[in-house]
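Open the model in your viewer and keep the selection panel at hand. We will go stop by stop.

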Amino acid sequence: MVEVDLHLHTTFSDGTLSPTNLLEMCVRKGLRVICISDHDTTNGLEETFAAGSAYPELVIIPGIELSTDVPGSEIHILGYFIDYLNNDLQQILSKFREGREDRAIGMVRKLNEMGLEISWERVKEIAGDASIGRPHIAQAIVEKGYVQYPKDAFDKYIGREGPAYVERMKLTPSDAVKMLVKYGGIPVMAHPTYSEAKSDREGVKSLREILGELKDVGLMGMEVYYGDYTEDQIAYLKNLSDEFDLIPCGGSDYHASGNPGEPEPGSVGPPLSSYNALVEARDRLH
Ligand code: AMP
Ligand code: ZN
Ligand code: FE
Ligand code: FE
């Protein structure tokens, strides 16, 4: 087991554990440093830090994960130590979440056109106040018995190539990196290569070229120790992170998704030295 997990989702986006329950699990698994990195929202951080006061030895990094688009696929950028109390940042994030909601409505409409009886009301109910995402729709599809596991809903309907997929609002990776830097976040490229557990997730195309571009606008790290990555994938990414002088980060990307074999908090993550490097980067940036 590892001591650092820098990629975790809660009910404030598409995870199914509240920050309080997730923290309890992280402590039970022996983690010492974690980051809550919900999609396009920092709304879970208030509860996270309140719950964290029960575990004074646990270090909690405030974080976020932004979804960005490149032709034909997407790239996620994590932001560590983001200044989440900034009002301008919060206004931008609420726009992103409105875009997510419009897109989810579009996907439900397509599912309905295909004859699936998924109601928007039910999807909204599942999401609650969260930053809505495809896993919420997947859950509604599972509930109705159309598929067994959420990941099957991606394979069959809402994966990138699926018949009910709808594109999101456009944000480029370089805009996301610049935005994070502006609000004090250390920008880190998430899951740069193929993940077996997420069927619609291919590797970032032209990765070297994109890393070069993003490094020029402020990228400081990339995920290396991630999810279900194999030893070979980790070795490949570790070399790349050295080549581009990026902090090797990572974590489980735990969602408590209900998919079989999902990597759990503490099962994968970077060494403590990566956390120390992030703190140094933060001190330079802030
Ligand atoms: P969204 O942000 O709405 O595009 O949804 C993306 C999220 O869906 C990712 O962060 C994953 O948690 C989840 N996801 C993507 N592909 C899959 C998959 N094939 N199986 C299960 N979950 C997936
Ligand atoms: Zn997610
Ligand atoms: Fe992601
Ligand atoms: Fe994630």
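Helices (H or I, at least four residues) and strands (E, at least two) are DSSP runs, numbered from the N terminus.

This is a predicted model: local features need pLDDT of at least 70, side-chain atom pairs count only at pLDDT 80 or more, and totals for chains, interfaces and linings use all residues. Residues are numbered from 1 along each chain as its sequence is written, chains are lettered from A and ligands numbered from 1 in the order written, and side-chain values use heavy atoms, without hydrogens and water.

Now colour Pro19, Leu22, Leu23, Met25 and Cys26, which are buried in H1. Look down the axis of H1: its buried residues fall within an arc of 160°, so they line one face of the helix. The arc is taken from the directions from helix axis to C-beta atoms. Buried means under 20% relative accessible area, exposed over 50%, partly exposed in between (1.4 Å probe, protein chains only).

Step on to Gly30, which follows H1 with a positive phi, near 85°.

Next, select the zinc ion (ligand 2). Asp14 and His255 are both buried.

Last, select the iron ion (ligand 3): 5.8 Å separates it from the zinc ion (ligand 2).

Methods: Donors = N, O, S within 2.8 Å, 3.2 Å for Na, K, Ca; no water.
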